[in-house]
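Please take me through this structure in the viewer, one selection at a time. For each stop, tell me what to select and what is found there.

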Amino acid sequence: MGIRLIIAYIFMGGAIFFAIVTTIGLIRFPDVYTRIHASAVVLTISAVMLSFGVAIYVWEFYLSIKIMFVGLIFLITNPLATHAIARASYRRKIACPEVRSVDDYSKYLGRDRE
Amino acid sequence: MSKAKHIFVVIVLSLLGITMVINLNKIPGNTDQINFIYSHITNNAVLETGSLNFVTAILYDYRAYDSLGESTIIFGAVSGIVLLLSRKTLPVSSHGLSFIVKRTFGMLTPFIFLFSLYIISHGHLSPGGGFQGGVILGAISIIFSIVYGSEFDFKRYSPTTKTLLETGGALLFIGLGLAGIIFGGYFLENLRFLNTEIGSLLSAGSIPLINTVIGFKIGAGLAIIFYSMIQKTFKEEDKL
């Protein structure tokens, strides 16, 4: 087994670890926003690391470039969808607590309307 | 009353199930005729149609008349949905989502369009074809109305353009069939004027043409369905 395969397996193993962390976070966290936080941060890292690992494992130029593009699409669209869902649920006041100490996003939302 | 209704529904469903089971047994199994068709298509489809994708060869060459029927079904569905839903009001925002989503989709939408064109134009070489690429084309209009607001969709890709694309696609499909009668012998015959080497982009006769026509027709039809659901809300928000 060459050094290249070992690096690829390390990347894939990291991806599996972060996927397991995602699942635990989705089950254990209490409300919408913390669950979105868990799925977003961790699933983005997991998908990108998995595509890196597969690209190193395959190690042909055009095939690796295509797999890296798939990872790039994940890197762009996944935080985007998370942002849209979190913002929509904040504006619809889903699972907002009654008493809060800091709330910067409501001030920000007034400027971003148009 | 509702209990009698439940019992009636259960009786009707069980009768339907029994008749289906009885009639499914009468479908011929592994007979000589089916084996003949199977072996004929697997042996001769590439040479007869020039298409590497067997599914596309069957859909747009051997059974192209069925595809005409399917696209007519979608045409009827679009007409019915426009007739039924154009008076309902649904809450859809007219100024779209936030700045981040708008910028990112500004980068991503050209690639979605390119991908749909790739699936449509390579339908005779790889998996895909007119229907699949057309659905992705319809998704672009949905992205316009959700992310940028329905006013943007109305200005950039107006309902007149959608109607022109859909009816034009249907008319061109029937025109290709009539051209098959004129130049060949029967309806929707494969016109063999794009016959370069098998496996290249401009091959397989009229299959890429039918793919393109059906793709734009399906994309415009799905866009019309989505637009007819949010049409009224856009006009009401305009007054406020």
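Select chain B: of its 240 residues, 30% count as buried, where buried means that 20 or more other C-beta atoms, placed from the backbone, lie within 10 Å of the residue's own. This is a predicted model, in which local features need pLDDT of at least 70, side-chain atom pairs count only at pLDDT 80 or more, and totals for chains, interfaces and linings use all residues. Residues are numbered from 1 along each chain as its sequence is written, while chains are lettered from A and ligands numbered from 1 in the order in which they are written.

Colour chain B by secondary structure: there are nine helices and zero strands. Helices here are DSSP runs of H or I with at least four residues, strands are E runs of at least two, and both are numbered from the N terminus. Among contacts in chain B between residues at least 6 apart in sequence, 73% join residues at least 24 apart; a contact means C-beta atoms, placed from the backbone, within 7 Å.

Next, select B:Phe173, B:Ile210, B:Val213, B:Ile214, B:Ala223 and B:Ile224, which touch the most other members of the largest nonpolar core, a set of 26 residues. Such a core consists of buried Ala, Val, Leu, Ile, Met, Phe, Trp, Tyr and Cys residues joined through C-beta atoms within 7 Å. The elements of chain B that give it two or more residues are α3 (54-62), α4 (64-85), α8 (159-183) and α9 (207-239). The largest share, 14 residues, comes from α9(B).

Which residues is B:Ile210 in contact with, leaving aside its neighbours within four places in sequence? They are B:Tyr60, B:Ala64, B:Gly130, B:Phe173 and B:Leu176.

Now show α8(B), whose 25 residues reach 35 Å from first C-alpha to last, close to the 36 Å expected at 1.5 Å a residue. The expected span is 1.5 Å times one less than the number of residues. Buried residues in α8(B) include B:Lys162, B:Glu166 and B:Phe173.

Move to chain A and select α1 (residues 3-28) and α2 (residues 32-58), whose axes come within 8 Å and cross at roughly 165 degrees. Axes are lines fitted to C-alpha atoms over the stretch in contact, with angles from 0 to 180 degrees between N-to-C directions. α1(A) and α2(A) are therefore roughly antiparallel, the term for angles over 145 degrees.

Finish at α3(A), which is followed by A:Lys93, a residue with a positive phi near 60 degrees.

Terms used
A residue is buried if 20 or more other C-beta atoms lie within 10 Å of its own, exposed if 12 or fewer, and partly exposed in between; C-beta atoms are placed from the backbone. Two residues are in contact if their C-beta atoms, placed from the backbone, lie within 7 Å. Angles under 35 degrees count as roughly parallel, over 145 as roughly antiparallel, 65 to 115 as roughly perpendicular and the rest as oblique.
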